[in-house]
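Take a look at the model below.

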Amino acid sequence: MKNIAILILLLIGGLLTGCDKDDTTATADKTDDVVEIAIRQVKTGQTALFETARTNFINILTKEQGVFNDREYHSFYHYNPAQDTSRSVYVGMTQYEDLATFQAAGQKLGSSSEATTFFNTFDALTYTVLKPAKAGTVVDLTKVASSGQVLEIAIRDLSKYPNFNKADYEAKRDAFLAELAKQPARVAEFQWVSALDPNIVIGMTVYTSQQAFFQLATDPVFGSNPAVGAFLGTYPPTNYGEVCTVVK
């Protein structure tokens, strides 16, 4: 749907209430912060316009109270085999102090000229709002990959797995992540669930470099590990995903 990001921003405005007052103090509670994620495929011939429009929109967005830690990543590897590789894919993530802050920003800026210009330069592949999969986890986007590192984003829609069993999924996921954590290439792991659709879960893994990522991805020893095969074989990414370098 055209301008899906604008539509979602406006739609959720009527769904969310309340505000976390603690986030305005020196002892801010960062466990209820949320992260907006937008995976965008730039329209043909509009990369320069996209970059300018993105800067203009982010500039006004991050001036809003409770909006911060805006990050940007550029995909170099797509998990969707049918994806148009001639068009660049960028991933934007912005941290908000809570859902109500996200709501307020959407209501205020969703129909602004800066937003309209920016959203017209790309097609949205994925757009949602995330919270940590484990309640009580501190949210800090500054720690989600730094310059030179690589961020892998794997998206799963749990409703698409036949006869889905939550306990089985979590056991296989945790066993896989335990093996992944042993690999020198792996720097950090972040597990998220959509605050708008609990069936959407996103795993993010930070790697030391592109070379390290590809070496691990093609490592026959890691690939033949039973825990790796059990999770990826049973629960492959349903909405695919991206592997990215850090823009900012």
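A residue counts as buried when its relative accessible area is under 20%, and as partly exposed between that value and 50%. Keep those cut-offs at hand. The model is predicted.

Start with Ala145. Its relative accessibility is 3%, so Ala145 counts as buried. Ala145 sits in the loop between β4 (122–132) and β5. Now check the backbone. Most residues other than glycine have a negative phi. Ala145 has a positive one, near 80 degrees.

The setting is a strand, β2 (residues 67–78). Is Asn69 buried or partly exposed? Asn69 has 24% relative accessibility, so it counts as partly exposed.

Next, the open space. Rolling a probe the size of a water molecule over the atoms shows where empty space is left. The largest pocket holds about 480 Å³. Its lining comprises 27 residues, and those closest to the pocket centre are Tyr79, Glu152, Phe176, Tyr207 and Leu232.

Which elements supply at least two residues each to this lining? Three are strands: β5 (150–157), β6 (186–194) and β7 (200–207). The helices are α5 (166–180), α6 (210–217), α7 (220–223) and α8 (226–234). By class, the lining has 19 nonpolar residues, with four polar and four charged ones.

Technical notes
Residues are numbered from 1 along each chain as its sequence is written. This is a predicted model: local features need pLDDT of at least 70, side-chain atom pairs count only at pLDDT 80 or more; totals for chains, interfaces and linings use all residues. Side-chain values use heavy atoms; hydrogens and water are left out. On a 1 Å grid over the protein atoms alone, a cavity is a set of points where a 1.4 Å probe fits but cannot get out, and a pocket is an open set with protein on both sides within 12 Å along at least five of seven lines; lining residues have an atom within 4 Å of a point. Grid points are joined across faces, edges and corners, and a volume is the space filled by probe spheres set on the points. Helices (H or I, at least four residues) and strands (E, at least two) are DSSP runs, numbered from the N terminus. Ala, Val, Leu, Ile, Met, Phe, Trp, Tyr, Cys and Pro count as nonpolar, Asp, Glu, Lys and Arg as charged, and the others, Gly among them, as polar. Buried means under 20% relative accessible area, exposed over 50%, partly exposed in between (1.4 Å probe, protein chains only).
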